[in-house]
Every structure is written in C-alpha cells, then in structure tokens.
Amino acid sequence: MSVSEEQVKEALKGVKYPGFSRDIVSFGLVKGIRIDGGAITVQLVLATNEPAIPQTIKAAAEQILCGLKGVDNARVLIDIQAPPAGAGAAGVGVTRIEGIKHVIAIASGKGGVGKSTVAANLAVALQKTGAAVGLCDCDIYGPSISLMFGTRDRPTATEENRIIPIEQYNLKLMSMGFLLDDTAPAILRGPMVTRYTQQFLRQVEWGEIDYLVLDLPPGTGDIQLTIVQTVALAGAIIVTTPQEVALIDARKAATMFEKVNVPVLGLIENMSYFESPSDGKRYDIFGSGGGEREARRLRVPLLSQIPIDIATRESGDRGMPITGERGESIVAKEFMRIARGLRETLP
Ligand SMILES: Nc1ncnc2c1ncn2[C@@H]1O[C@H](COP(=O)(O)OP(=O)(O)OP(=O)(O)O)[C@@H](O)[C@H]1O
Ligand SMILES: [Mg+2]
C-alpha cells in the first residue's frame with residue numbers, strides 16, 4: 001500500500017527551516033505533494049538568496065521521505081523566488097508597514113537578558129533625538145512594555161476597526177498588556193499568536209513614524225517567524241549578557257536573522273558589569289569579554305556594554321524607563337549614544 005498525503009505531510013514536519021525552530025510545513029513552504037505508488041514528488045517554494053538553504057532542506061526532506069514505509073523514491077523540487085528588496089524572508093510576502101520608515105527588532109536567544117529594557121530605553125532615546133517612534137511589544141505571552149511604561153490604558157479602535165496605540169512620553173505603544181487583565185494569562189495557541197502579531201503590526205494606527213521598535217520574545221519561535229516572514233525589517237539588534245549560555249543563544253538568534261537576509265545591526269551586551277557605588281570597583285558578575293568575542297565572531301559591531309544598574313531596574317519597575325527619568329545617568333547616556341548611532345545607520 002502506498003503512503004497517504006497526510007503521512008507525507010506529517011513526515012515533512014520533521015524538516016526544520018535552517019536556523020529556525022519551525023518546520024517547513026507550518027512555514028507554508030509545501031506547495032504540492034504527488035504520490036505515484038512508491039514514488040513521491042514534493043514541490044516547495046522558498047524565497048532566499050542563500051544557495052545552501054534549499055540544498056539543506058532538499059537533502060533533509062528526501063532523507064526523511066525515503067525512510068517512510070512504502071516509499072521507493074522521493075524527489076523534492078524547490079522553486080526559488082527572489083526575496084523582496086530591502087529585507088528578505090524565508091517565506092513569501094514580506095512588505096513594508098505603511099507610514100513607517102524603519103522597523104528594528106530587539107531580539108535575544110535567551111530569556112531575561114534585558115530585551116524589553118533595551119527596547120523601552122532605545123525607543124525613549126530615539127524619541128529624545130527628535131524622531132517619531134513607536135514601540136510594539138511582540139511578546140504576546142509575556143508582555144512587559146505596558147508595565148515598563150506604567151500604563152494600563154485600553155486602546156480604542158477607529159471606525160475602520162484600526163487600533164489606536166497608547167501614547168506615553170511621546171511614544172506610540174502597543175502591548176498585549178493593554179488588552180489583558182493581570183489575572184488573565186495569555187493562553188493562546190500557535191495560530192492565534194500569529195494573528196495577534198500580525199494585528200499588532202498591521203492593524204495598529206502607527207501613523208507616520210521614523211522608527212518602530214519591536215520587543216521580541218526570547219528565542220526563534222512562531223512570533224519571530226511571523227515577523228520576519230511578513231514585515232520588511234531594517235535590522236535586528238541582539239541583546240545578550242556576557243555569559244556563555246546567553247552567547248550561544250545570541251548566536252542562534254543572529255543566525256536566524258541572517259538566514260532570512262535581515263541585517264544584524266549589532267550586539268548589545270547587557271548586565272556587563274557592576275560598579276560598586278561604595279568603592280567604585282568593577283565586578284564582572286556574569287564574566288567579561290563575551291559580547292566582544294561574539295560580536296567579532298558574528299562580524300557585527302558591539303553597540304554597547306550596559307552595566308547592571310539598580311536605578312535601571314527600578315525605573316523599569318516604576319513605569320518610566322531610565323533614559324526618560326534620569327538623563328544624566330551612565331545607562332541613559334549609553335542609550336542616547338546607541339540611538340544617535342542608529343540614526344546615522346538608518347537615517
Ligand atoms: N542593565 C540592567 N541592570 C539592572 N537590571 C536590569 C538591567 N537590564 C534588565 N534588568 C532587569 O532584569 C529583568 C529582566 O529584564 P527584561 O524584562 O528587560 O528582559 P527580557 O530579555 O525582555 O526578558 P524576557 O525574555 O522575559 O522578555 C527586569 O527586571 C529588568 O528590570
Ligand atoms: Mg521581554
């Protein structure tokens with residue numbers, strides 16, 4: 001008896017898109033399956049400039065299919081489409097968000113390294129340089145931007161059903177935290193998360209802005225994929241701590257963006273060191289030199305080393321990022337420096 005189309009699809013779910021944690025089926029790359037007795041032909045469509053990607057996928061898919069019972073020979077044909085100009089994506093259909101000049105993703109492999117802190121402060125810093133800025137909390141499961149900006153206002157909608165973002169400190173903000181109560185955990189399954197992510201980017205009335213900063217959840221999962229698959233990103237900034245465990249994951253995140261032709265603008269090493277207020281001594285709590293090494297390895301700039309700073313944490317918890325609250329502090333000045341650099345890189 002020959003295999004069924006369902007079995008072939010199931011088997012193809014075992015093939016991951018290189019650099020991502022998601023498989024080629026859920027990525028929507030499978031365009032056709034033909035079964036002719038023991039011979040299977042699978043048609044895939046991908047948009048990439050990297051020749052290694054289709055080769056890797058083809059080899060992995062054929063190997064998996066040949067391992068199926070009742071299959072004598074498996075052929076995987078790949079139709080390669082040129083990725084859209086600007087930023088690319090593994091899938092098809094990457095487009096700009098109207099009115100927005102540059103979309104910058106703040107990402108990390110490991111959780112808790114300070115992405116949201118960086119995203120919030122960078123957004124404030126960019127705004128202080130005179131740019132019009134939006135900040136979108138793409139961490140649908142664990143939103144923190146609403147907390148970091150100390151507001152629980154509920155967004156309203158226009159007659160055309162577009163969501164009006166919350167305005168705070170001259171920034172336009174969107175976060176799942178504005179839509180949920182504290183007590184209601186975000187129990188969402190894959191497709192819903194994809195839909196929310198899309199809506200946050202496309203259905204929010206961002207207006208004319210220079211920079212939309214995206215605070216991503218950690219890792220290389222569904223949300224990241226939805227974003228790189230559909231939105232033209234100007235670039236990504238990877239946040240890490242100097243620890244080896246964080247650096248390994250930072251590398252994975254950087255690789256993910258590279259695979260879909262999104263430039264990595266640089267690395268930010270957060271919680272780099274602690275300077276004791278009593279004696280001014282510097283302590284390398286999470287080790288030292290890791291960010292610099294990793295940046296060299298990835299051939300991207302090390303944009304900054306941000307110390308562990310009590311005021312930074314307190315400001316975040318209080319709902320006013322330190323760059324807005326204490327402009328004279330080292331951390332605030334550092335974010336201003338990064339923001340000015342970004343404005344030069346992405347004018
Ligand atoms: N440089 C810093 N100094 C002191 N505390 C910091 C610093 N950076 C971040 N923190 C604190 O560490 C905690 C985690 O930071 P944050 O929420 O920004 O990380 P994250 O990478 O966004 O986490 P998640 O992966 O859960 O989204 C927060 O309480 C934040 O205030
Ligand atoms: Mg976060």
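Which residues does Arg162 touch, not counting residues up to four places away in sequence? They are Thr156, Ala157, Arg202, Gln203, Val204 and Glu205, where contact means heavy atoms within 4.5 Å.

## Basis of the model

This is a predicted model, in which local features need pLDDT of at least 70 and side-chain atom pairs count only at pLDDT 80 or more, while totals for chains, interfaces and linings use all residues. Residues are numbered from 1 along each chain as its sequence is written, chains are lettered from A and ligands numbered from 1 in the order in which they are written, and side-chain values use heavy atoms, with hydrogens and water left out.

## Overall architecture

The protein chain contains 11 helices and 15 strands; helices (H or I, at least four residues) and strands (E, at least two) are DSSP runs, numbered from the N terminus. The chain has a radius of gyration of 22 Å, close to the 20 Å given by the globule rule for 347 residues, so it is as compact as a globular protein of that length. The radius is taken over C-alpha atoms, and the rule is 2.2 Å times the number of residues to the power 0.38. The C-alpha trace spans about 75 × 50 × 40 Å along its principal axes.

Among contacts between residues at least 6 apart in sequence, 75% join residues at least 24 apart.

## Surface and charge

Of the 347 residues, 52% are buried; buried means under 20% relative accessible area, exposed over 50%, and partly exposed in between (1.4 Å probe, protein chains only). The accessible surface of the protein chain comes to about 15600 Å², and 50% of it belongs to carbon and sulfur atoms. These areas come from the Shrake-Rupley method with a 1.4 Å probe; for residues, only the protein chains shown count as cover.

The chain carries 37 positive and 39 negative charges, whose mean positions are 3 Å apart. Lys and Arg count as positive and Asp and Glu as negative, while His and the chain ends are not counted. Each charge is placed at NZ of Lys, CZ of Arg, CG of Asp or CD of Glu.

## Nonpolar cores

A nonpolar core is a set of buried Ala, Val, Leu, Ile, Met, Phe, Trp, Tyr and Cys residues joined through side-chain atoms within 4.5 Å. The largest such core has 65 residues, of which Leu12, Val42, Leu212, Leu214, Leu233, Ile238 and Phe257 touch the most other members. Helix α7 (residues 244-259) gives the most to this core, with five residues. Apart from it lies another core, of 40 residues, which includes Ala120, Val133, Ala234 and Ile322.

Not counting residues up to four places away in sequence, Leu12 touches Ile24, Val25, Val30, Val42, Ala61 and Leu65. Leu122 has its place in helix α3 (residues 115-128) and counts as buried at 0% relative accessibility. With the same exclusion of residues up to four places away, Leu122 touches Ile106, Ile237, Phe335, Ile338, Ala339 and Leu342.

## The β6 and β7 region

Arg162 is found in the loop between β6 (156-157) and β7 (163-164), and it is partly exposed, with a relative accessible area of 27%. Ala157, in strand β6, is partly exposed at 49%. Leaving aside neighbours within four places in sequence, Ala157 is in contact with Arg162, Ile163 and Ile164.

Some C-alpha separations place this region relative to other parts of the chain. Arg162 and Tyr211, 49 residues apart in sequence, are 20 Å apart in space. Ala157 and Lys281 are 124 residues apart along the chain, and their C-alpha atoms are separated by 52 Å. Arg202, a contact of Arg162, is 80 residues from Leu122 in sequence and 22 Å from it in space, C-alpha to C-alpha.

## Loop residues and backbone angles

Thr241 lies in the loop between β11 (235-240) and α7 and counts as buried at 4% relative accessibility. Beyond four places in sequence, Thr241 touches Val113, Ala246, Leu247, Glu269, Asn270 and Met271.

Most residues other than glycine have a negative phi. Met271, in contrast, has a positive phi of about 55° although it is not a glycine. Met271 is found in the loop between β12 (264-270) and β13 (274-275) and is partly exposed, with a relative accessible area of 23%. Arg299 also has a positive phi, of about 60°, and is not a glycine. Arg299 lies in the loop between α8 (290-298) and β15 (302-306) and is exposed, with a relative accessible area of 76%.
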